[in-house]
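Biologist: Can we go over this model? I'd like to begin with the ligand.

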Amino acid sequence: MSKIKYGIVGASGKMGKEIIAIMNENGNELVFKYDLDGEWENDSPQILIDFSLPQVFEKSIDYGIKFKSPFIIGTTGLSDEQMNKLKEISKQIPVVQSYNFSVGVQLLLECVQLLNKKLTDWDVEVVETHHRFKKDKPSGTALMIKSVLAQDRPAGKAGINISSLRLGNVVGEHSVSFGGLGETLTITHNAISRRTFAEGVLRAVNFILDKQNGFYTIKDVLSS
Ligand SMILES: NC(=O)c1ccc[n+]([C@@H]2O[C@H](COP(=O)([O-])OP(=O)(O)OC[C@H]3O[C@@H](n4cnc5c(N)ncnc54)[C@H](O)[C@@H]3O)[C@@H](O)[C@H]2O)c1
């Protein structure tokens with residue numbers, strides 16, 4: 001794979017640093033970055049990656065359009081309006097969006113869908129645990145789980161509760177528990193390192209470079 005010139009929005013953050021590390025290890029070149037201390041540009045990026053905060057979103061998509069570069073966004077807590085705008089922008093540039101770039105969470109979602117179809121008369125609860133610095137609550141991943149659960153729940157069982165814990169430096173843990181009269185079944189994903197999300201981003205980078213304009217998710221990336 002030839003060297004990719006890339007840009008990062010949220011470059012000084014925990015995820016920004018992790019993504020820069022993995023991109024550089026793979027022979028790619030950081031040519032643009034943006035964070036609270038301003039912007040730095042050495043060249044036009046062929047791809048732009050945003051792991052920042054929702055308040056940076058408008059500025060970030062302006063950069064994506066300016067550079068006409070594919071856009072990968074993992075920022076959580078986006079409003080419905082921002083998600084709609086992202087889908088609109090994907091008519092002009094290819095976009096990959098996911099609230100979770102790990103392989104394991106995609107598998108968790110598949111398992112949850114399967115269990116949910118079989119256990120429609122059981123109770124279900126979602127618990128997410130994250131580090132104390134996390135800004136949004138509930139997590140984007142918990143919202144993804146909730147939307148998968150809601151697809152197959154009868155109307156009366158559609159109110160799915162999410163409990164959010166903020167503890168120390170936990171990277172990210174999601175549990176989905178089903179409860180019947182006499183037994184419970186729990187499935188848990190535990191992100192041990194942010195590296196796992198950065199690996200997903202690297203796969204998304206290699207996926208998106210030759211794609212047509214459009215809105216893609218990590219599911220498209222992992223199944224390619
Ligand atoms: N999709 C995923 O797989 C995934 C995984 C982990 C984290 N996330 C999300 O990615 C985002 C970043 O996570 P993090 O742990 O790196 O957080 P962080 O707080 O460490 O990093 C956020 C960065 O954004 C910068 N920032 C904040 N306001 C800004 C502004 N107005 N202008 C410019 N820069 C600004 C901060 O200075 C910081 O460097 C969060 O939304 C988080 O929930 C997504």
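Biologist: Where does the ligand sit?

Modeller: The ligand sits in the largest pocket. Sitting there means that more than half of its atoms lie within 2 Å of the pocket's grid points. A pocket is an open set of points, on a 1 Å grid over the protein atoms alone, where a 1.4 Å probe fits, with protein on both sides within 12 Å along at least five of seven lines; lining residues have an atom within 4 Å of a point.

Biologist: What should I know about the model itself?

Modeller: This is a predicted model, where local features need pLDDT of at least 70, side-chain atom pairs count only at pLDDT 80 or more, and totals for chains, interfaces and linings use all residues. Residues are numbered from 1 along each chain as its sequence is written, and side-chain values use heavy atoms, with hydrogens and water left out.

Biologist: Which residues come nearest to the ligand?

Modeller: K14, M15, D35, T76 and F101, out of 22 residues around the ligand. A residue counts as near if one of its heavy atoms lies within 4 Å.

Biologist: And what is the make-up of that shell?

Modeller: Nine nonpolar, nine polar and four charged residues. Ala, Val, Leu, Ile, Met, Phe, Trp, Tyr, Cys and Pro count as nonpolar, Asp, Glu, Lys and Arg as charged, and the others, Gly among them, as polar.

Biologist: What about backbone contacts?

Modeller: A polar backbone atom of M15 is 2.7 Å from an oxygen atom of the ligand. For S52, a backbone N or O atom lies 3.2 Å from a ligand oxygen. L36 has a polar backbone atom 3.4 Å from a ligand nitrogen. A polar contact here is a pair of N or O atoms within 3.5 Å.

Biologist: How big is the largest pocket?

Modeller: Its volume is about 950 Å³, taken as the space filled by probe spheres set on the grid points, which are joined across faces, edges and corners. The pocket is lined by 40 residues, and M15, F51, S52, L53 and T76 are the closest to its centre.

Biologist: Which element gives the largest share of the lining?

Modeller: α1, with three residues. Helices (H or I, at least four residues) and strands (E, at least two) are DSSP runs, numbered from the N terminus.

Biologist: Different topic. Which residues does the cis peptide bond join?

Modeller: K137 and P138, with omega about -5°. P138 lies in the loop between β7 (123-130) and α5. Most peptide bonds are trans.

Note on methods:
A polar contact is a pair of N or O atoms within 3.5 Å; within protein, one must be able to donate a hydrogen and the other to accept it, and residues adjacent in sequence count only if both atoms are side-chain atoms.
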